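Subject: Structure for your files

Hello,

Here is the structure we talked about. Please open it first; my notes on what was found in it follow below.

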Amino acid sequence: MNYTLVIHGAPASSQSCQTALSFARAALNRGHKIARAFFFRDAVHIGSGLTVAPQGEADLHKAWKELAEEHEIDLVICISAALKRGLVDEREARRYDKVSHNIDAPFNFSGLGQLIDGAATSDHVITFGD
Amino acid sequence: MKFCFISSHAPYGSTLARDGIESLLVAASYDMNATVLFMGDGVLQLVAEQEPGELPQKNTGAMLQALEMYGIENILVCREDMLVFGLQAEQLLLKAKQVSRSDIPGIIREQDRVLNF
């Protein structure tokens, strides 16, 4: 089976990103495919390359990045949710004249169309709320 | 493809309601056969004459009035949850089909995809 995951909760203050990660690992271990993870609402913070995980706590940014690179998961950061939270990639930083950017590959910016497209083209869509 | 959006949060305490409506409109613009179900606190999104301008926030009720223009006709609301808030059909900002809580599992089963907000 092919899955699209929709994730709502912030990595630092909700269990959402971790639960989705654990689900993704379990599904992959059983031979399923995770086509796309769509990070929406506060979950867009997962894309920031500037977060520092406290010692002894999981580095969810790194964990998602490594899982995506190993299993070719399309990691989509909702662009409108990201911009209003101060998360920008290089292109948007240039467009809005910001001093820096914090989103890099394999995380990529896109819109809600990718949420609907992912849900429609996968066998299943699962939402991990706040 | 049948897409169901389950909206179960009140309109202005968080952006969940608005994020759900925006996703619903995108699904409709992708030609999906979209259904929206308001249940729990989500029924409050349907109250007529909302005035969130002072908050200040976008009026999600006004966004819902665009559903018809997007061709979204399957607008469902949980009857028991309307009763919880003392809401009558004539107090709603649009014509929604009232469904009983016991109908909801069957409604979900008919869908190809379900998204929660």
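Contact between the two chains involves 19 residues of chain B and 16 residues of chain A. Please keep in mind that this is a predicted model, and that every value here is computed from it. Together, chain B and chain A bury about 1,400 Å², and carbon and sulfur atoms account for 64% of that. On the chain B side, Tyr30(B), Arg113(B) and Leu115(B) supply 33% of the area buried against chain A, which is more than any other three residues do.

Leu115(B) turns up again in the packing. The largest nonpolar core has 70 residues, and Leu115(B) is among those with the most contacts inside it, along with Ile7(A), Phe39(A), Trp64(A), Ile116(A), Phe5(B) and Leu67(B). The largest share of this core comes from helix α1 of chain B (residues 16-29), with seven residues. Another core lies apart from it and has eight residues, including Cys4(B), Leu37(B), Val99(B) and Ile107(B). As background, nonpolar side chains tend to be buried together in soluble globular proteins.

If you want one residue to start from in chain A, what does Trp64(A) touch? Leaving out residues up to four places away in sequence, its contacts are Leu5(A), Ile7(A), Cys17(A), Ala20(A), Leu21(A), Ala24(A), Ala37(A), Phe39(A), Ile46(A), Leu75(A) and Phe107(A). Two of these names, Ile7(A) and Phe39(A), are also in the list of core residues with the most contacts.

The largest pocket has a volume of about 330 Å³. Of the 16 residues that line the pocket, Pro11(A), Ala12(A), Ala53(A), Ala58(A) and Leu60(A) lie nearest its centre. The pocket lining is made up of eight nonpolar, six polar and two charged residues.

Regards

Notes: Residues numbered from 1 in each chain as written. Chains lettered and ligands numbered in written order. Predicted model: local features only at pLDDT ≥ 70, side-chain atom pairs only at ≥ 80, totals over all residues. Heavy atoms only, no water. Core = buried A, V, L, I, M, F, W, Y, C linked by side-chain atoms within 4.5 Å. Buried < 20%, exposed > 50% of the residue type's maximum accessible area, 1.4 Å probe, protein only. Helix = DSSP H or I, 4+ residues; strand = E, 2+ residues; numbered from the N terminus. Contact = heavy atoms within 4.5 Å. 1 Å grid on protein atoms, 1.4 Å probe; cavity = no way out; pocket = protein on both sides within 12 Å on 5 of 7 lines; lining within 4 Å. Points joined across faces, edges and corners; volume = space filled by probe spheres on them. Nonpolar A, V, L, I, M, F, W, Y, C, P; charged D, E, K, R; others polar. Buried area = accessible area lost by both parts, 1.4 Å probe.
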